[in-house]
Amino acid sequence: MKLIIGNKTYSSWSLRPWVLMKHFNISFEEILVKLDMPETKQEIAKYSPSGKVPALIDGDLVIWESAAIMEYLNEKFPEKKMYPQDLKQRAIARALSMEMHAGFGKMRERLSFNVKKSYQNFDFGFALADIDRVKSLWMEQLKKSGGPFLFGEFSIVDAMYAPVVGRFVTYGVPVEGAVKSYCETMMNLSALKEWYAGAMQEDFEAADHI
Ligand SMILES: N[C@@H](CCC(=O)N[C@@H](CS)C(=O)NCC(=O)O)C(=O)O
């Protein structure tokens, strides 16, 4: 399989399936397309019909959209248990995951993903309601599962929220209790650390991505 991604510094959507595949030891070839270059559009078009990354290529199958890629991987590798095994838990896991995929636009806009930046006293402005909603759904889920991940074991939902954890760290979003522990657990995940290390090696720049 080939996973087409954007810059590790900026591409939060690419991060999600990449971290999932790394965490669950699914081997793949990584193809990184540099974002915001004159040739970016043309390069992405070679792989992805939507003109966006990530895209997953598995033989003659091309899948775009990060959420669809992760759903496909879950079905292709059922033994990896990428979602909770209980039907009702799985339904809630998908609700959390889709809420992230479809929403939190203000947070994504105001706190754009950038591995290399770090802020203190950042003005969260109009993104505060989104930030509070994320914290409260994490809190509630961690209380139910007992942690350390949202549904106990690492799952697709954690991959979906991984860039949000990164944003909270970058922009100094105050966290406490179970939410703080969750952020620490996530930032210590070896797959996420590997992504961050890769980002730090990048010497090409692009605009911030949401
Ligand atoms: N809904 C898409 C979003 C993908 C997306 O916006 N990707 C950005 C990079 S993070 C992209 O490909 N930008 C390239 C461009 O617009 O030229 C998904 O979940 O995969």
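Start with H1 and H3, where H1 passes H3 in a right-handed crossing. This is a predicted model. Select residues 12–23 for helix H1 and residues 66–76 for helix H3. Their axes lie 9 Å apart, and the packing angle is about 15 degrees. Angles under 35 degrees count as roughly parallel, so H1 and H3 are roughly parallel to each other.

Now show the side chains between these two helices. On H1, pick Trp13, Arg16, Pro17, Leu20 and Met21. On H3, pick Ser66, Ile69, Met70 and Leu73. These residues make the contact. Colour them by class: the contact of H1 with H3 has 7 nonpolar residues, 1 polar and 1 charged.

**The whole chain**

Zoom out. How many helices and strands does the chain have? The secondary structure comes to 9 helices and 4 strands. Follow the chain along its sequence, and the pattern reads β-α-β-α-β-β-α-α-α-α-α-α-α. Turn the view along the principal axes. The C-alpha atoms fill a box of roughly 45 × 40 × 25 Å. The radius of gyration of the chain is 16 Å. A compact globule with 210 residues would have one near 17 Å, so the chain agrees with that picture.

Where they touch, domain 1 brings 15 residues and domain 2 brings 18 residues.

Stay on the domain 1 side of that contact. H1 and H3 are back in view here, and each supplies at least two residues to the side that touches domain 2. Which element gives the most to this side of domain 1? H1 does, with 7 residues. By class, this side of domain 1 divides into 8 nonpolar, 4 polar and 3 charged residues.

Next, select helix H6, residues 128–145, and helix H8, residues 177–187. Their axes come within 9 Å and cross at roughly 90 degrees. That makes H6 roughly perpendicular to H8. Compare the view with the first stop, where H1 and H3 are roughly parallel.

Show side chains again. From H6, take Lys135, Trp138, Met139, Leu142 and Lys143. In H8, they meet Ala178, Val179 and Tyr182. The contact of H6 with H8 divides into 6 nonpolar and 2 charged residues, with no polar ones.

**Stops along the backbone**

Move on to Pro54, in the loop between helix H2 (40–45) and strand S3 (55–58). A cis peptide bond joins Val53 and Pro54, with omega about 10 degrees.

Finish at Pro148, in the loop between H6 and helix H7 (156–170). Select Gly147 as well. Gly147 and Pro148 are joined by a cis peptide bond, and omega is about 0 degrees.

Key. Residues are numbered from 1 along each chain as its sequence is written. This is a predicted model: local features need pLDDT of at least 70, side-chain atom pairs count only at pLDDT 80 or more; totals for chains, interfaces and linings use all residues. Axes are lines fitted to C-alpha atoms, for helices over the stretch in contact, and angles run from 0 to 180 degrees between N-to-C directions. Angles under 35 degrees count as roughly parallel, over 145 as roughly antiparallel, 65 to 115 as roughly perpendicular and the rest as oblique. A crossing is left-handed if the near helix is turned anticlockwise from the far one by less than a right angle, and right-handed if clockwise. Two residues are in contact if their C-beta atoms, placed from the backbone, lie within 7 Å. Ala, Val, Leu, Ile, Met, Phe, Trp, Tyr, Cys and Pro count as nonpolar, Asp, Glu, Lys and Arg as charged, and the others, Gly among them, as polar. The radius of gyration is taken over C-alpha atoms; the globule rule is 2.2 Å times the number of residues to the power 0.38.
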